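Visitor: I have a structure to look at and some questions about it. Can you walk me through them?

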Amino acid sequence: MKTIPSYIWDIHKPDNLAEDKLLQLLSQLELGEKSIAFHSLNLRGDRKQSWYEIDFLIITQFCVYGIEAKTGFLSSGNGEWHIHKSNGEIAYSKRKSPYIQAKDATLHWRDSWMSKKFPELARKLDFVFIAALYMNDEESLHELNCPELPREVVLGQANFSLDGLKKCIESARKYHQTRSNHSGGISKDDVEHIAAKLRPTVEKSYPTGLRNFLLQSQHELTEEQYRLVDALDCFDRLIIDGGAGTGKTFVLAHLIRKDVAQGRRILVLIKPRLLREKIQTMLSEINVFVIGPEDLSLDIERKFDTLYVDEGQDLCDETILLTLDLVLEQGAENSRWRWFGDFQNQRGTDVTFSQEVFDLLKSMTGNNAVYPLKRNVRNTPSVVKWLENICQARMGETVMKGAGPEVTVESEENIVAILDAITQNPVLEDSPDASVITIFPEKYENTFRTSLVGDASTSRNIPCWGSEAFKGLESEVVLVWVPPNMNDEELKNYLYKSVSRARAICTLFTNDKRGLLKQLSKFIRLKT
């Protein structure tokens, strides 16, 4: 059976053990009819429930199956259903049984999506609901047997096998008294057509748990970042070099708070205005002076004993260094400073990088060294792999396990359909930052504004930023507009700066899909 997506987001997370096992079984299962299984489908809710998530939705020629999977042991008591940890403690409780969860979510999908897009086909299908309980043995299932969790629709511990799953599906069909044996059902082409319409909703979506994991990863220091914090206690001056997504800005903010608490007078120098505003917001509760290079002048009356620089690859300039030498209390050579940057990949298109200044900064550290950050805490493995293959960029190992949606290339004419699919994901509604942004190259801004992508983004109030302006920032979903006829180096540089902004989902839009794919495939061949 075809499964979409063909991966579990975080395969190593203990709570996903049942889903991973089911995904493996479904990929091997043959039902004797055209069947396609979707995993982790998020749906906007209704008055009864704000949103629904279906662990597995299987579309066949005769039935639609909704499956709720639970890894932990299930018990019930006091009107609630409890999922237990491996040590026996209750991990969480629900008012609904897993069977009722599967039923409500699947019927909501039928009423809110299937019946609206394919009303004739929806009437020809039966709907069946299954609870898959990975840790419950026969004795516990017998005790739990009730109208809210009928034994006939439960896949228990002893039956988590290919044969067991097939028998459970047959049993659940009979329990729901389906018409499958005498109904005409739908054709194989109909199944494919439904799946084609549903697929963007699934693959432009991802579970709440994953989103929370990605955000948490960016708001907790990694072991590598802790080593940097410790190292800085031993150095007055240090250059920190890390690729996109390695958490440079978060570490910078952490260190500034620490220095302010020790009474230091801090100057923060950042070129991108948006990043500067983000840092000001992050540090609004403490006294720091955050400016851009255009504000750096001898008119600054304050003397600072500590300097922090972010996106420092764009500030390796002789004039800037000379001015800093006068603004810092003991000069650039003797004051405390931390110079963060991505010195290999993200140099700005509108600046001149001075290797002489960079070498001088290294000599000022006292050991002529650069501290590397290598752990990616922003991007999913698919985004990291894509950037490494296409842009030949060093991205580092991502903290996220599993895979995630692939970086995709779409024709501009599909922008409205893609936006519809993305914005239907309820997980994005409470994101603390902008969930969706569109990026374009500044050089082509006028062309972008009149493009289909620019028009659709503007009409839906989606923020649109140039790749240089959005440097250092991020969004869960990034739409990248690619203008025609960019040369190879220009394209690789632009794609690195834009695609690396995506925490999870990234789509490239072009009016020449075939040409862009051909150019991207050339990058891969050159790499190999």
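Guide: Start with a definition: two strands pair if DSSP finds at least two bridges between them. Strands of a sheet pair through backbone hydrogen bonds, either parallel or antiparallel. Keep in mind that this model is predicted.

Visitor: How many bridges join strand β6 to β7?
Guide: Strand β6 covers residues 80–84 and runs antiparallel to β7. His-82 has a bridge partner in β7, Ser-93. The number of bridges joining β6 to β7 is four.

Visitor: How far apart are the end C-alpha atoms of helix α1?
Guide: Helix α1 has twelve residues, 17–28. At 1.5 Å a residue, the helix should span 16 Å. The distance in the model agrees with that: 17 Å.

Visitor: Is Cys-506 buried or exposed?
Guide: The cut-off for buried is under 20% relative accessible area. Cys-464 has 13% relative accessibility, so Cys-464 counts as buried. Cys-506 has 1%, so Cys-506 is also buried.

Visitor: How many disulfides does the structure hold?
Guide: A disulfide is a covalent bond between the sulfur atoms of two cysteines. To count, a pair of cysteine sulfur atoms must lie within 2.5 Å. The number of disulfides in this structure is zero.

Notes:
Residues are numbered from 1 along each chain as its sequence is written. This is a predicted model: local features need pLDDT of at least 70, side-chain atom pairs count only at pLDDT 80 or more; totals for chains, interfaces and linings use all residues. Side-chain values use heavy atoms; hydrogens and water are left out. Buried means under 20% relative accessible area, exposed over 50%, partly exposed in between (1.4 Å probe, protein chains only). Helices (H or I, at least four residues) and strands (E, at least two) are DSSP runs, numbered from the N terminus. The expected span of a helix is 1.5 Å times one less than its number of residues.
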